[in-house]
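Hi there,

Here is the structure I promised to pass on.

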Amino acid sequence: MAGTIVSDTIQNGAGASTSTTNVINGCAKAWVTVNGTLSSGMTLASYGVSSVTYISSCLYQVSFSTAFTDANYSSAVSSSWDSGGNSYPMIANIANNGTYAPSTTSTYIVSRIYNNGSTGFLVNYLYAIFFR
Amino acid sequence: MTQVIIHTNENGGVSVTVPTGELSIDAVKAKDTPAGSIIVDSSTLPQGSDAKFFDAWILNGSTVSLDLTKAKAFANTMLNGMAKAEVSHRTTNAGIGIENKLSDADWLALLTTARTAISSATTTQQLLDAITPIQTAIADNA
């Protein structure tokens, strides 16, 4: 049965309470875990993410199932070493003069070597989480 | 079998969109990919060592294949990137009195051998094999 509970605070059995705003704003609005390779098959677990696009070995796009109200979401991303045994830092919500700026419907994840015009191998694991 | 959506991107490479399953693949195709994108089974994508050279994939019709010339260029780029980082490491070693595992002459000879192997490679496995001795030498000198 559908319904709505309206409350300013939420309390547990021990009597500790918090504002429902903390619950609403503190929950991840979207996340995705990618495990595997394009050719050998992969497993994706997600919430609020419709797809992950591989653009290059250093550039990935995450698309949201439901658009955010604006592009001011916060994100955290990480990855495994790539299949060649190399490790690169991953950066989300890049701007790059607007070419790969985050939007309400998707954002980009880039590894550091992309900015060097370099190349590498695809990562086997990719993790991203988004808050707003 | 996993179905994915592919299209040629602005860099001339292949973009591969993998649906998470939250929406149907047709909905993802309409929402997340440009017009003209096509749905294929992931098993039709390049396999084995060809799969590792994603940046050298090209799309002809509905078939994704590997461009060996591009793969060679990427192998050289990777090799040069590793070599530059290692030269910095070797220079630091020399500056603080730590002997490098390979002499400068042997290191340069190894690089020359790798570049020659990349140039003459006819398969992506040969490209990977060309890079491996450099990776091993770098790991040994860590």
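**Asn100 of chain B**

Leaving aside neighbours within four places in sequence, Asn100(B) is in contact with Arg90(B), Asn93(B) and Asn141(B) (contact means heavy atoms within 4.5 Å). Please bear in mind that this is a predicted model, where local features need pLDDT of at least 70, side-chain atom pairs count only at pLDDT 80 or more, and totals for chains, interfaces and linings use all residues. Residues are numbered from 1 along each chain as its sequence is written, chains are lettered from A and ligands numbered from 1 in the order in which they are written, and side-chain values use heavy atoms, with hydrogens and water left out.

Asn100(B) sits in the loop between helix 3 (68-95) and helix 4 (104-120) of chain B; helices (H or I, at least four residues) and strands (E, at least two) are DSSP runs, numbered from the N terminus. With a relative accessible area of 13%, Asn100(B) is buried (buried means under 20% relative accessible area, exposed over 50%, partly exposed in between, with a 1.4 Å probe and protein chains only). Its side chain makes a polar contact of 2.8 Å with the side chain of Asn93(B), and a polar atom of the Asn100(B) side chain lies 3.3 Å from the backbone oxygen of Arg90(B). A polar contact is a pair of N or O atoms within 3.5 Å; within protein, one must be able to donate a hydrogen and the other to accept it, and residues adjacent in sequence count only if both atoms are side-chain atoms.

**A hairpin in chain B**

Strand 4 (residues 57-60) and strand 5 (residues 63-66) of chain B pair antiparallel over four bridges (pairing takes at least two DSSP bridges). Trp57(B) stands opposite Leu66(B). Two residues separate the strands of this hairpin, and Gly61(B) in the turn has a positive phi of about 65°.

**Where the chains meet**

The contact takes 29 residues from chain A and 31 residues from chain B. How many residue pairs are in polar contact between chain A and chain B? The count is 17, with both residues at pLDDT 80 or more. Strand 5 of chain A supplies eight residues, the largest share of the side of chain A that touches chain B. Four bridges join strand 5 of chain A to strand 2 (residues 14-19) of chain B, running antiparallel, and Thr53(A) has Thr17(B) as its bridge partner there.

Best wishes
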